[in-house]
Amino acid sequence: MSRRPTRHITPERLLQLARERFGVEQFRPGQRELIEAVLRGENALGILPTGAGKSLTYQLPALLFGRPVLVVSPLISLMQDQHDKLSELDIPIAKLNSTLKTSEERELVEEMEEGTHELIYVTPERLENPHYLELLKQQRISLFVVDEAHCVSQWGHDFRPAYLGLRDAVRELGRPSVLALTATVTPENVDDILKQLGIEGARVIQLGVERKNLFMEVLRTPRAGQKREFLLSFLNREPGVGIVYVATVKKAIELHGVLEGAGIRAGLYHGKLKAKQREETQRRFMADELKVIVATNAFGLGIDKPDLRFVIHYNFPASLEAYCQEAGRAGRDGEPARVVLLYRLEDKRLQTYFLGGKYPARDESMRVIEQLRALIKAGRAGEGIGIPALASAAELSERRVKVTVAQLESAGIVQRAHNRVQPLRDVRDREELDSLLGAYEARRKSDRERLELLMHYAQTPRCRTHFVNAYFGEPSEDSCGHCDNCRAHGAQVSGDREQQTARRMAARESAQQLERLIASAVPSASDSRAVKPSA
Ligand SMILES: Nc1ncnc2c1ncn2[C@@H]1O[C@H](COP(=O)(O)OP(=O)(O)OP(=O)(O)O)[C@@H](O)[C@H]1O
Ligand SMILES: [Mg+2]
Ligand SMILES: [Zn+2]
């Protein structure tokens, strides 16, 4: 039963098309392999560094299929970015997200019915809506793209329950082939992503994470006010534009005020701003009207402004994955750029606090299970219950309930059909109950370890690139030459003997710690499918 469109096209014609429509000279590493896999109708996962050009691997095929390519995208800012770029290239796209007004939506639906769009961008939350799903079904989607696919993994950062429903959406849409793309995935998450998307046999093309033109620095700022001093002097000194990331909306607003007060042209971007305000800030930033944008992680993933010269982290992000994604906004034109992490030990507390609320606690999952039991008892299992009703009965947020339901679904205890949850059976025994309720404890532990590893990244006296590569299971040299530690060590060769010995011992100890931590947080790669194309 293959309804997948495949297209035969010669390599010369493919490159010619890329040149004509996207203005690229040559394919970059990994691009051709992915594009050819997509055109053959295969499922694929592409793990290419930030800025490597993953978008082209579905945008080019979209011109050849004659039926729309669906792109699941996590952020409105990213959709906006892609929309603006593709419009300039005369490639019509549709965006389905929460910012649409009813009238705009009606217009979009009409256009879709006329088959105007080669690409349709959608948030995973919109795909949970049966109305949109039906609409997309009528479009006979040629390819299902999951951009920023690390969001799919239950173990990934930025965990969003709607991502757990993508596998169902692929099925509902008649199983088009799937292309998943990301820059940051640890070996264990590769399998999880493939499983969550139902594409276990997919072709995996992996090129690593390293960005040689990024100079990676960490500055410890123990004294209050030190971060601010650094930032102001950095912005006054450094030419070029960039991003400053902070951990909370409150901090973003405060820091934005400080920068404006100091006469710096600064924009503000966070998830609580109105869509119009966000769009406007993004537009001004892209048009070089701003020196810097102060942002939370609502701005970042995938954003492509080629000439960013710096990305500064004013607070700790949650993990090295998040750090690399955000830092990866810098230097996408291949020119040198600086990525600086400022840290105080206090920052860790804030992230630990965020982690506390991320997953359902035991008693919360238990409340959902009890509601489902009651449904079985009342003989209404077949009829099921909608998520909002289940959430209010269990006195939980819908988000929480979705996470628990996804877990029960993968254990075969419930099924989701037409947006309702139908219990299939009761929890078998104590043991099963225990394993269900305990599952998120493991996740919480893994998150804590990942945060811990980011602290180690900040504190390591060794090469930072080496650390990042080890984290992502990539082989690398001991020293990269583009991080502060490598530079300092290079300059220290003539330092006194005692100092050198002390440093060597510290390096060895930290290497051992890293290995231990990585071994416990990131189980070793069992994946033999990974292909490393030569160029
Ligand atoms: N073959 C190519 N030659 C030259 N430039 C290219 C090529 N492919 C892509 N680019 C450019 O590289 C930039 C980065 O591409 P893109 O946004 O697709 O990166 P990405 O891999 O999706 O990164 P991220 O992981 O950050 O989302 C874009 O400006 C794009 O136009
Ligand atoms: Mg991208
Ligand atoms: Zn280095």
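Which residues of β13 are buried on one side, and which on the other? In this predicted model, Ala-337, Val-339, Leu-341 and Tyr-343 are buried on one side of the strand. Arg-338, Val-340 and Leu-342 are buried on the other. Strand β13 spans residues 337-343, and seven of its seven residues are buried.

Strand β8, residues 214-220, runs parallel to β13 and is joined to it by seven bridges. Between β12 and β13 the chain passes through helix α12, residues 320-327. This β-α-β crossover is right-handed.

Two loop residues have positive phi values. Asp-90 is not a glycine, yet its phi is about 65 degrees. Asp-90 lies in the loop between α4 (76-88) and β3 (93-96). With 7 other C-beta atoms within 10 Å, Asp-90 is exposed, because the cut-off for exposed residues is 12 or fewer. Arg-175 has a phi near 50 degrees, again positive in a residue other than glycine. Its loop runs between α7 (166-172) and β6 (177-182). Arg-175 has 17 C-beta neighbours inside 10 Å and therefore counts as partly exposed.

Definitions and conventions
Residues numbered from 1 in each chain as written. Chains lettered and ligands numbered in written order. Predicted model: local features only at pLDDT ≥ 70, side-chain atom pairs only at ≥ 80, totals over all residues. Buried ≥ 20, exposed ≤ 12 C-beta atoms within 10 Å, placed from the backbone. Helix = DSSP H or I, 4+ residues; strand = E, 2+ residues; numbered from the N terminus. Pairing = 2+ DSSP bridges. Right-handed = clockwise from strand over helix to strand, strands pointing away.
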